[in-house]
Amino acid sequence: MVSGPMTVRRLTDADLPAVAALEQACFAEPWSVESLRFLTAPGGVGRGVVCLCDGQIAAYGGMLCVAGEGQVTNIATFPSFRRRGLGRAVVQALLALAREENCESVVLEVRASNLPAQCLYTACGFDVIGRRPHFYRMPAEDALLMQVQTGAGLCREDKQEEIKKDGML
């Protein structure tokens with residue numbers, strides 16, 4: 001889906017300023033470089049990946065790995081790089097990290113109105129398991145709680161194609 005070369009790799013400290021800029025571009029309440037630092041702390045519970053297109057950071061994802069469960073903190077793609085498969089690559093990389101960390105499942109919250117993200121997560125094996133009322137601010141909105149068992153967390157090509165036909169991605 002990406003026209004140029006795409007690479008997904010682990011997040012490093014050197015990436016944090018670019019990831020903070022990505023946060024600024026995507027979220028009403030962005031994380032700062034300092035608040036992102038837990039994703040690269042040696043021996044910590046945070047894990048992160050970046051997706052590069054033509055050598056520049058175009059997307060990223062973060063996750064906590066604690067007590068056999070992964071908790072996605074954020075996934076973001078610069079608007080100019082959306083609808084090219086980068087989000088899917090980030091989700092796949094996070095699920096691979098979760099398996100490496102022996103996480104049995106991965107959970108995340110997604111805005112109830114964010115249908116493209118919900119479709120992506122569904123295509124990657126996530127199911128809605130609950131709702132968190134008033135979870136988000138700016139604007140106030142409920143979150144859907146989604147979960148995948150890590151053995152089932154391989155993004156399904158057939159499901160992805162079905163979602164594209166429906167115009168969701």
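Modeller: Helices (H or I, at least four residues) and strands (E, at least two) are DSSP runs, numbered from the N terminus. By that rule the chain has five helices and seven strands, in the sequence pattern β-α-α-β-β-β-α-β-α-β-β-α. The model is predicted: local features need pLDDT of at least 70, side-chain atom pairs count only at pLDDT 80 or more, and totals for chains, interfaces and linings use all residues. Residues are numbered from 1 along each chain as its sequence is written, and side-chain values use heavy atoms, with hydrogens and water left out.

Now the setting of the core. Two strands pair if DSSP finds at least two bridges between them. Seven strands make up an open sheet of mixed pairing, in the order E1-E2-E3-E4-E5-E7-E6. Its edge strands, E1 (6-10) and E6 (127-136), each pair on one side only. E2 and E3 run antiparallel and are joined by eight bridges.

Next, burial. A residue is buried under 20% relative accessible area, exposed over 50% and partly exposed in between (1.4 Å probe, protein chains only). Of the chain's 169 residues, 45% are buried.

A nonpolar core is a set of buried Ala, Val, Leu, Ile, Met, Phe, Trp, Tyr and Cys residues joined through side-chain atoms within 4.5 Å. In soluble globular proteins, nonpolar side chains tend to be buried together. The largest core here has 30 residues, of which Val 91, Leu 94, Val 106, Tyr 121 and Phe 126 touch the most other members. At least two residues each come from strands E2 (46-53), E3 (56-66), E4 (69-77), E5 (105-111) and E7 (141-149), and from helices H3 (86-100) and H4 (115-123). H3 gives the most, with eight residues.

Take Tyr 121 as an example. Leaving aside residues up to four places away in sequence, Tyr 121 touches Ile 75, Val 91, Leu 108, Val 110, Phe 126 and Met 146. A contact means heavy atoms within 4.5 Å. Helix H4 lies across E4, E5 and E7, running at about 165 degrees to E5. Such angles run from 0 to 180 degrees between N-to-C directions, with axes fitted to C-alpha atoms, for helices over the stretch in contact.

There is also a second, separate core of twelve residues, including Ala 20, Leu 39, Val 50 and Tyr 60. Helix H1 (residues 16-26) lies across E2, E3 and E4, at about 95 degrees to E3.
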